[in-house]
Amino acid sequence: MQSVGALEIERLRRRIRACDYLSVAQLYLKDNFLLTRPLSKDDIKPRLLGHWGTCHGINVAYANMKYHFRNNPNFSFVLGPGHGFPALQANLFLDGELAKVDEKASVNMAGIEYICRSFSWPDGFPSHASPFTPGIITEGGELGYALANAYGVALGHPEKIITVLIGDGELETATAIDSLNLHNLLDADKNGRVIPILHLNGYKISAPSIYARKSERELNEMIRGFGFTPVFIEGDDPETFQELLNEKVKNPFYILHTVKGATGPNRHHEAHQIPLKNPKTDDNELHELEAWLKSYRMGELIKPKENA
Ligand SMILES: Cc1ncc(C[n+]2csc(CCOP(=O)(O)OP(=O)(O)O)c2C)c(N)n1
């Protein structure tokens with residue numbers, strides 16, 4: 001089994017921290033983007049609109065899968081929870097993908113300011129992944145099609161590897177659950193490989209998801225019944241994730257088990273959209289938000305010249 005060095009694991013942890021920070025900053029900030037002074041109510045956007053709960057899981061899955069397939073130009077990532085757009089945008093920004101289509105999104109301080117200020121803002125970026133996002137071919141809004149889209153991308157392209165992140169709420173849709181049968185129709189010699197990851201974060205908006213209520217054994221048996229080998233990834237540490245990715249498994253189906261809203265202030269159903277709703281008017285929430293942003297220690301992750 002191939003193993004990933006400590007330096008690379010640390011880099012992945014830092015990347016995930018930076019993407020988490022940028023996700024929160026996009027949701028909340030219209031100024032003071034790197035907290036160069038104490039956070040004030042004037043720094044907060046007047047209307048908070050977006051989804052936080054799924055972001056950390058997206059950042060974990062994106063960083064790990066992209067690293068694992070870093071030498072494969074035919075790798076792509078399909079995102080089911082497009083409402084977790086701050087996370088997708090953070091990754092595309094950091095990788096310089098956004099700057100390829102929008103020069104204002106250069107990977108520096110000015111770019112950070114631009115993506116944060118413009119998120120969910122009139123004439124700026126929408127709150128969900130949309131056709132303005134590099135690589136987005138189908139704008140969702142309606143959950144359920146990620147897996148079917150991934151198999152569509154694989155059709156007739158044996159060189160392709162497509163990983164697809166599916167929410168546990170999304171898997172409750174008829175389309176998503178039935179799409180687990182699609183691999184039976186694809187001849188492996190003529191089509192690409194699809195690698196599903198179920199993001200088991202426990203909730204579908206404010207209620208527990210059905211799949212989170214199943215025992216690990218029940219879930220494993222269900223996935224096995226569809227013809228996959230279930231692989232549980234417990235928690236968000238890249239070391240575990242990379243180890244499991246490097247284990248050779250026939251037709252794997254990864255189950256990324258995280259807590260909804262992980263790394264944020266409330267880690268459950270209330271984390272789905274905006275976890276702290278009134279930092280612009282409530283002193284306690286403002287301080288909680290500042291502590292949350294500071295917990296990522298973003299200053300350590302930015303090169304000094306960009307931090308100036
Ligand atoms: C077909 C459909 N039904 C309902 C919704 C409303 N909706 C938006 S997000 C969401 C919860 C999704 O849960 P999950 O897929 O687990 O994503 P996560 O918890 O990671 O945010 C729902 C039900 C929708 N977008 N599409």
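Me: How do the residues of the shell around the ligand divide into nonpolar, polar and charged?
Reply: There are four nonpolar, twelve polar and five charged residues in that shell. The sorting goes by residue type: Ala, Val, Leu, Ile, Met, Phe, Trp, Tyr, Cys and Pro count as nonpolar, Asp, Glu, Lys and Arg as charged, and the others, Gly among them, as polar.

Me: What puts a residue around the ligand, and which residues come nearest?
Reply: A residue is near a molecule or strand if its C-beta atom, placed from the backbone, lies within 6 Å of it. Here 21 residues are around the ligand, and T54, L143, G167, G169 and E170 come nearest. Please keep in mind that this is a predicted model, where local features need pLDDT of at least 70 and side-chain atom pairs count only at pLDDT 80 or more, while totals for chains, interfaces and linings use all residues. Residue numbers start from 1 along each chain, as its sequence is written.

Me: Why is L29 called buried?
Reply: A residue is buried if 20 or more other C-beta atoms lie within 10 Å of its own, exposed if 12 or fewer, and partly exposed in between, with C-beta atoms placed from the backbone. L29 has 22 other C-beta atoms within 10 Å, so it is buried. You will find L29 in the loop between helix 1 and helix 2.

Me: What does L29 touch, leaving out residues up to four places away in sequence?
Reply: L29 touches D43, I44, K45 and C116. Touching, or contact, is the label for two residues whose C-beta atoms, placed from the backbone, lie within 7 Å.

Me: Why is L94 called partly exposed?
Reply: L94 has 19 C-beta neighbours inside 10 Å, so it counts as partly exposed. L94 belongs to helix 3 (residues 85–94), and it touches A18, C19 and V107, not counting residues up to four places away in sequence.

Me: What makes W121 buried, partly exposed or exposed?
Reply: W121 is partly exposed because 17 other C-beta atoms lie within 10 Å. W121 sits in the loop between helix 5 (109–118) and helix 6.

Me: How do you know which stretches are helices and strands?
Reply: They are DSSP runs, numbered from the N terminus: helices are H or I runs of at least four residues, and strands are E runs of at least two.

Me: What makes strand 2 and strand 3 a pair?
Reply: Two strands pair if DSSP finds at least two bridges between them. Seven bridges join strand 2 (residues 161–167) to strand 3 (residues 193–200), and the two run parallel, so the pair qualifies. I195 in strand 3 is the bridge partner of T163, and R193 in strand 3 is that of I161.

Me: How many bridges link strand 7 with strand 3 and with strand 6?
Reply: Strand 3 and strand 7 share four bridges in the parallel sense, and I197 stands opposite Y254 in strand 7. Strand 6 and strand 7 are joined by six bridges, also running parallel, with P230 opposite F253 in strand 7.

Me: Which strands are the edge strands of the sheet?
Reply: The open sheet has five parallel strands in the order 1-2-3-7-6. Strand 1 (75–79) and strand 6 (229–234) each pair on one side only, and they are the edge strands. From one strand to the next, the twist averages 20 degrees.

Me: What makes strand 3 mostly covered?
Reply: Eight of its eight residues are buried. R193, I195, I197 and H199 lie on one side and V194, P196, L198 and L200 on the other, and both faces are covered. Strand 7 is mostly covered too, with five of its six residues buried.

Me: How does helix 2 run relative to strand 1?
Reply: Helix 2 (residues 55–68) runs at about 170 degrees to strand 1, and it lies across strand 1, strand 2, strand 3 and strand 7 (252–257). Helix 6 (residues 146–154) also packs on the sheet, touching strand 1, strand 2 and strand 3, and makes about 175 degrees with strand 2. Angles run from 0 to 180 degrees between N-to-C directions, with axes fitted to C-alpha atoms, for helices over the stretch in contact.

Me: What makes a group of residues a nonpolar core?
Reply: It is a set of buried Ala, Val, Leu, Ile, Met, Phe, Trp, Tyr and Cys residues joined through C-beta atoms within 7 Å. The largest one here has 75 residues, and A25, A150, V164 and L256 touch the most other members. Helix 1 (residues 6–28) gives this core its largest share, ten residues.
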